Amino acid sequence: MRLYAWAVYAFLYLPIGIIALFSFSAGRSASQMQGFSLQWYGRALNNPFVMEALWTSVRVAFLSAVLATVVGTMAALALTGMRGRTRKVFDLLVQIAVMIPGIVIGIATLIALVSVFDLVNPWLEGLTGWKLSLGTGSLVAAHGLFTMSLVVLLVRGRMETLDGALIEASGDLGATPMGTFWQVTFPQILPAILAGFLLAFTFSFDDFIIAFFVAGAETTLPIYVFSSIRRGVTPEINAIGTMVMAASLLMLIVAQLLLRRSQAQARR
Amino acid sequence: MTQSRARALLLTPAGLWYAAMLLLPLAVVLIFSFGERSAIGGYAPGFTFEQYANLPARFAAFRNTLTLAPVGTVAALVIAYPLAYFLAVKVSPKWKTMLLVLVIVPFWTSILIRSYAWIFLLGGKGIPALLESIGLDDVRLLNTPFAVLVGIVYGYLPLMVFPIYVALEKLDKRLLEAAADLGTPPWRAFLQITLPLSMPGVLTGSMLVFILLMGEFLIPAILGGGKVFFVGNALVDLFLQSRNWAFGSAVAVALVGVMLITVGVYTRLVKRFGASRDDVGLM
């Protein structure tokens, strides 16, 4: 049994390990280890296309995560303890957003936005000399849609475990509803909100399929990596992959710690 | 400000976001699926069932998806169950959290890069070279259904382990002790107590993995080498290469339709086995 578990962990981590190992190779072959060097990291970090794609990815991930966290938290607050039709509609929307395959969301967003832009652009251009196109905006809107739903689930889950007595006590002691929210409720749901933000950022940063459709002329890092793989594997891609995984790992550890703390608070 | 007005204000941004980026796009796909392809690609208005009648043209993509998705789900289940059992029942609490996190971590790192890693392992200098050294020549692994299957299991294993673990963790160990006291052999106790009680986790995990597999594009694109393609690959081709939006929309609607039917059947099963939705953990 223990041996089996080791084997499964090896299966999970061997491929990741191999990429990380090959990324330190001094040779030109992507699938062989020849000496040790950091040259491919230097190469990747000095490649203007990589840096451009990285910057696009970070910008999109940050903006979509901020918006998703704010809007998702607001919705979660409103939905907690709510009944009736509105609640049912929102529950359904969250479920649809999480369940529909990313690829369908991607194509649907692509054709809807292109159609809307085609309708709007002629007179918008006449009016302002400026027109709408796919790019950072559509990436942020599409990624945020999915991650907002994650934030709603996380924050609402936390809200439902809150101790109602604390909120009542705060009211009895004369705090205004706003005061109670900022001083009692908010600090307790903050870890869940931050974890939601980090998950949202990680999702957007790693997403390929939605971005592939709605990026327009922009190139995110996963799109860059995908098209490079199509042209053949290089040690440079190994170095980029290793850095991306290290960054996601860091985010995850922080998100885990925050969730753990939020759960520990809930138990107290 | 009344409470209901405050609620309405808090919900408005999310509602608008869902309307503009979820409901509108899905409605557009549905409308386009009844339209026609315009001469320059893209979409021309119309009302015809032609696109749906044309679906058999992409039969191979549906066949591959509907074979490899269930097979991949079952393979992931078979590999995940013993691990989940080990983590829930055998591991000391001291190590439990860390081992569990180690299972989940890969799921939240880029599936693109993790799939790409298998190009090395399955390619000429990887496992085939090892097989050659023990006398098995000319084994081709990359760009075969097997490669796609390995990628699938590898990619979605974490998602299968977690719900099963949660179900097994909740299992009342006293039931097993009672069974042992009454002289039940361990294998029977497993079949009659542990397995039925872990069914909710099994069903939740299988459903999650199956749904995600139905929409898969990356793994077949990277490890299938254009020979093993899913509906997702057909969709990319139809929307980004041949720009046949009307037909592509019909394929997308058919995909979601097949998914909904499967989920419907599954939900029935889950209800029968008394699973709760809370088992679906995000992390």
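How many residues of chain A are in contact with chain B, and how many of chain B with chain A? The legends below start there.

**Figure 1**
Contacts involve 61 residues of chain A and 56 residues of chain B. On the chain A side, 50 of these residues are nonpolar, 10 are polar and 1 is charged. The model scores ipTM 0.88 and pTM 0.88.

**Figure 1. Chain A, a chain of 11 helices and 0 strands.**
The C-alpha trace spans about 70 × 65 × 30 Å along its principal axes. Chain A has 268 residues, and 43% of them are buried. Take the contacts between residues at least 6 apart in sequence: 76% of them join residues at least 24 apart.

**Figure 2. Annotated spans of chain A, as listed by UniProt in an unreviewed entry.**
The entry gives "domain: ABC transmembrane type-1" for residues 54–255 of chain A. In the model this span is 84% helix and 0% strand. Its end C-alpha atoms lie 22 Å apart. UniProt also places the feature "transmembrane region", again from an unreviewed entry, at several stretches of chain A, among them residues 192–217 and 237–259. Residues 192–217 of chain A are 81% helix and 0% strand, with end C-alpha atoms 35 Å apart. Residues 237–259 of chain A are 100% helix and 0% strand, with end C-alpha atoms 32 Å apart.

**Figure 3. Helix H3 of chain A, residues 48–79.**
Does the length of this helix agree or disagree with its residue count? At 1.5 Å a residue, its 32 residues should span 46 Å. The end C-alpha atoms are 45 Å apart, so the two values agree. After H3(A) comes A:Gly81, with a positive phi near 75°.

**Figure 4. Chain B, a chain of 12 helices and 0 strands.**
From the N terminus the order is α-α-α-α-α-α-α-α-α-α-α-α. The C-alpha atoms fill a box of roughly 75 × 75 × 35 Å along the principal axes. Of the 283 residues in chain B, 45% are buried. Among contacts with a separation of 6 or more, 76% come from residues 24 or more positions apart.

**Figure 5. Confidence along chain B, where the mean pLDDT is 87.**
A pLDDT of 70 or more is reached by 95% of the residues of chain B. Where does pLDDT stay under 50 in chain B? That stretch is residues 275–283. The model has 21 contacts for it beyond four places in sequence. Where pLDDT is low, the predicted coordinates should not be read in detail.

**Figure 6. Helices H3 and H11 of chain B, whose axes come within 8 Å.**
Two packed helices are described by the angle between their axes and the distance between the axes. Here H3 covers residues 59–90 of chain B and H11 covers residues 231–241 of chain B. Their axes cross at roughly 145°. H3(B) makes the contact through B:Ala61, B:Phe62 and B:Thr65. H11(B) contributes B:Val231, B:Asn233 and B:Ala234. By class, the contact has 4 nonpolar, 2 polar and no charged residues.

**Figure 7. B:Leu149 in helix H7 of chain B, residues 145–170.**
Which residues does B:Leu149 contact, leaving aside its neighbours within four places in sequence? They are B:Leu68, B:Val71, B:Gly72 and B:Ala75. B:Leu68 is 81 residues away from B:Leu149 in sequence, yet the C-alpha atoms are 6.9 Å apart. B:Leu149 counts as partly exposed because 19 C-beta neighbours lie inside 10 Å, while a buried residue needs 20 or more.

Most residues other than glycine have a negative phi. B:Arg243 lies in the loop between H11 and helix H12 (245–272) of chain B. B:Asn143 has 19 C-beta neighbours inside 10 Å, so it counts as partly exposed. B:Arg243 has 15 C-beta neighbours inside 10 Å and also counts as partly exposed.

Definitions and conventions
Residues numbered from 1 in each chain as written. Chains lettered and ligands numbered in written order. Predicted model: local features only at pLDDT ≥ 70, side-chain atom pairs only at ≥ 80, totals over all residues. Contact = placed C-beta atoms within 7 Å. Nonpolar A, V, L, I, M, F, W, Y, C, P; charged D, E, K, R; others polar. Helix = DSSP H or I, 4+ residues; strand = E, 2+ residues; numbered from the N terminus. Buried ≥ 20, exposed ≤ 12 C-beta atoms within 10 Å, placed from the backbone. UniProt positions renumbered as here; feature names shortened; annotations may be inferred. Expected span 1.5 Å × (residues − 1). pLDDT = per-residue confidence, 0-100. Axes fitted to C-alpha atoms, helices over the stretch in contact; angles between N-to-C directions.
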